[in-house]
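Dear colleague,

I am handing over the structure below, and after it you will find notes on what came out of the analysis. Please read them with the coordinates open beside you.

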Amino acid sequence: MNLDDPRARRSRARLRTAILELVADKDPAAISMSEVAKQAGVNRATVYQHFPDVNALVTEAMEDAVAHVARAAALCPQDAPRDEAPEPLHELFQHVTGNAALYRRMLGTHGSALFATRLRERMTAELTAAFRDGRRPSGFDDVPPEVHAAYLAGALIGVIATWITDDTPAPADDTALAFWKLFRS
């Protein structure tokens with residue numbers, strides 16, 4: 001299949017939209033390829049032509065969100081004061097709040113391991129690049145940048161997952177500040 005073909009691009013776009021609509025109401029593990037096809041208005045064979053399973057489809061559909069979260073994390077000035085979370089971190093938590101149902105499903109108990117892995121990998125890569133560009137807090141020269149980035153990515157994803165799946169999550173700005181204080185410790 002030629003992914004540059006306009007028909008293929010349109011089909012993939014419809015499938016991504018359909019899966020995001022379905023995931024907002026239902027755990028990814030409970031969604032069938034037939035449901036995706038029906039929601040997208042395409043033949044089930046079309047879904048399988050583009051994606052091997054629901055997990056792969058939902059992970060690709062969330063790629064813009066993954067990129068947004070990873071960029072926001074990498075843009076945080078590492079030397080900002082401990083008692084004031086940087087604006088990119090506030091924006092990251094506001095983005096998650098604005099898409100709470102989706103993140104709750106994707107990072108919850110029955111969420112997508114592929115999505116969580118992709119988010120961690122992308123965030124680690126963005127942070128590693130930022131660290132290599134000189135945007136790394138001082139005092140960590142004895143730790144390889146990739147290890148430092150992976151540590152932070154895992155911590156941030158853990159905080160986001162715990163926060164967004166809480167029955168009554170704290171306000172985004174409070175959670176951003178709490179994470180920042182832990183990060184700056």
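**What was found**

At 7% relative accessibility, Trp163 counts as buried, where buried means under 20% relative accessible area, exposed over 50% and partly exposed in between, with a 1.4 Å probe and protein chains only. Phe93 is buried as well, its relative accessible area being 0%. These two residues form an aromatic pair of the edge-to-face kind, with 5.1 Å from centre to centre and 65° between the planes. The rule behind this takes rings of Phe, Tyr and Trp (its six-membered ring) as paired if their centres lie within 6.5 Å, and calls planes under 30 degrees apart stacked, over 60 edge-to-face and the rest tilted. The pair links distant parts of the chain, since Phe93 is in helix H6 (residues 87–98) and Trp163 in helix H9 (residues 145–164), 70 residues apart. The count by this rule comes to four aromatic pairs, and ring pairs also link Phe179, Trp180 and Phe183 into a cluster.

Before going further, please note that this is a predicted model, in which local features need pLDDT of at least 70 and side-chain atom pairs count only at pLDDT 80 or more, while totals for chains, interfaces and linings use all residues. Residues are numbered from 1 along each chain as its sequence is written, and side-chain values use heavy atoms, with hydrogens and water left out.

As for the overall fold, the secondary structure of the chain comes to 10 helices and zero strands, where helices (H or I, at least four residues) and strands (E, at least two) are DSSP runs numbered from the N terminus. The C-alpha trace spans about 55 × 40 × 20 Å along its principal axes, and buried residues make up 43% of the 185 residues in the chain. Of the contacts (heavy atoms within 4.5 Å) between residues at least 6 apart in sequence, 66% join residues at least 24 apart.

Helix H5 (residues 63–75) has 13 residues and reaches 18 Å from its first C-alpha to its last, close to the 18 Å expected at 1.5 Å a residue, the expected span being 1.5 Å times one less than the number of residues. Its buried residues are Ala65, Val66, Ala67, Val69, Ala70, Ala72, Ala73 and Ala74, and what covers them includes H6, helix H7 (100–107), H8 and H9.

The axes of helix H4 (residues 54–61) and helix H8 (residues 113–132) come within 8 Å and cross at roughly 35°; axes here are lines fitted to C-alpha atoms, for helices over the stretch in contact, and angles run from 0 to 180 degrees between N-to-C directions. Asn55, Ala56 and Thr59 of H4 make this contact with Leu114, Phe115 and Arg118 of H8.

Two single residues may also interest you. His148, in helix H9, counts as buried at 6% relative accessibility, and, not counting residues up to four places away in sequence, His148 touches Phe131, Arg136, Pro137, Phe140 and Val143. Val42 sits in the loop between helix H2 (33–40) and helix H3 (44–50) and is buried, with a relative accessible area of 18%. Leaving aside neighbours within four places in sequence, Val42 is in contact with Arg14, Leu15, Ala37 and Val47, while Val42 and Ser11, 31 residues apart in sequence, are 7.8 Å apart in space, C-alpha to C-alpha.
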